[in-house]
Amino acid sequence: MESPNLEFEYGDTDSFTAELSELYSYTEEPEFSLNRDYFEEDFKNHVKGRRWMELSMEEQRAYVMRLLDALEVTDRDKRLKVARAILYLAQGVFDECDTETDVLYWSRHNVFLLYDMGIFTALLELLSMEIDNNQACSSAVRKPAISLADSTELRVLLSIMYLMVETIRVEMEGDSPERKAAREAFKTELGSPLYNGEPFALLLFTMVTKFCSMNAPHFPMKKVLLLLWKTILFTLGGFEELQEMKVRMRELLNLPPLPEDSIKVVRNMRAASPPASAMELIEQQQQQKRGRRSRRPLVKQDSLDTYNERDPFKNDDARDEEDDPEDVDSGIEGEVDPLDRDVIIQPPPPPPPLRPPTERVSFPKGLPWAPKVREKDIEHFLETSRNKFIGFTLGNDIDTLVGLPRPIHESVKTLKQHKYVSIAEVQIKREEELQQCPMTMGEEEVEETPAEILYLGMLPSLSQYVIALLKLLLAAAPTSKAKTDSINILADVLPEEMP
């Protein structure tokens, strides 16, 4: 198994370029040249005979300042042209570049410049204005079909914001201290309740619920969800930060360290497919009874097959001539219950090999995860055992083993070896104590983390957000039925005029 069975990297995100290209649909391709044309038209009027790359840092700042002023005009069309020019800058002035590396370099340079000049805050005000634009919402509701043209302003604004969030979020090797400081400032800004007393992610959640309640069918949902995902990932952190946080919290609560890093375990596991259905299993058995020599059909594998003692990729061709039903195993022969594994002093001798040893694939024995046992499980096990052997129970006592047979002693010893106390259990216990003695213990001190701030803002409408996300998931899932009554999530990929 030197090569992975799936070309898939288990991580928070894909590569930077893949994440940028994810933002656009094929129907938006003509808009790239449109962005460039608006930028060049405006740029030539103010900076004659020179290119963007030739300007000094001060001149670039002055030009961005001029664009920022132009964003505040009342004319919608003029505002859109300026926004497109800003989008072209964020896309890396691709017309002046020769290679993809140059485009990425200038895109990064321009995004940090735009953030430094306060463009994000200005875009946020425009976005709030577009969300509250009742006229656009009511006209979109009345339309028989929504197309790309209905979401133009929103798409431009969300594209710039996505490019800014994603570019600043990703840390590069040669980043200057100024850029690192800007990243931290932007992270704090996005996670704080600075925008109308709520974090930025909450505004995007509001867009999702508004879209799913059919009040704003013109919202470009793909871009909203991408921006929401990256904002949450940036402000709350990903897998690695979560693991560090778990380790830190367990140290603070004086709990034993984590038995494994769950991300590393998952990265090393084989890809799992759903278990085989009853019909497939029956068909398989019938074929085996007939003693066919044909190749076995592809059996759905469970993720734990990797850890079985026999080669899961074995097919019937390689079997010996004697087609004995005993030879057909279910793939879990020789497995030992994880709780009994420590009890057995000497393992039984291995069965004779069914095939030549050269064709054998060796897998790690046992489960991929460390077994975890809660204290309640030990209590329940002892309660059952005492009722069975002695006839009475001792409540929550997990130490007294008087009168119980030897195997029970061994089992309890094994269970205690794998006892695991989660952070949640400690917190629940603490919460119960606080509720029982509110006067003496006072109130719990809750740290104002970005996660806490976001949760606080989401709590009143949490069920609405969950239902809205579920609706989007169902609308995006492939089905055989025509979706006439479901929400239209294709609005931002269909061209303006349907062919």
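Mentor: Let's start with D150: setting aside its neighbours within four places in sequence, D150 is in contact with K143, A145 and H218 (contact means heavy atoms within 4.5 Å). Before going on, keep in mind that this is a predicted model, where local features need pLDDT of at least 70, side-chain atom pairs count only at pLDDT 80 or more, and totals for chains, interfaces and linings use all residues. Residues are numbered from 1 along each chain as its sequence is written, and side-chain values use heavy atoms, with hydrogens and water left out.

Back to our aspartate. D150 sits in the loop between α7 (134-142) and α8 (152-169); helices here are DSSP runs of H or I, at least four residues, numbered from the N terminus. The side chains of D150 and K143 are joined by a polar contact of 2.4 Å. That term means a pair of N or O atoms within 3.5 Å; within protein, one must be able to donate a hydrogen and the other to accept it, and residues adjacent in sequence count only if both atoms are side-chain atoms.

A cavity is a set of points on a 1 Å grid over the protein atoms alone where a 1.4 Å probe fits but cannot get out, and lining residues have an atom within 4 Å of a point. Altogether, the model has five cavities of 30 Å³ or more.

What about α6 itself? It covers residues 119-131 and reaches 18 Å from its first C-alpha to its last, close to the 18 Å expected (1.5 Å times one less than its number of residues). 10 of its 13 residues are buried, meaning under 20% relative accessible area with a 1.4 Å probe, protein chains only; over 50% is exposed, and in between is partly exposed.

Methods. Helices (H or I, at least four residues) and strands (E, at least two) are DSSP runs, numbered from the N terminus. On a 1 Å grid over the protein atoms alone, a cavity is a set of points where a 1.4 Å probe fits but cannot get out, and a pocket is an open set with protein on both sides within 12 Å along at least five of seven lines; lining residues have an atom within 4 Å of a point. Grid points are joined across faces, edges and corners, and a volume is the space filled by probe spheres set on the points.
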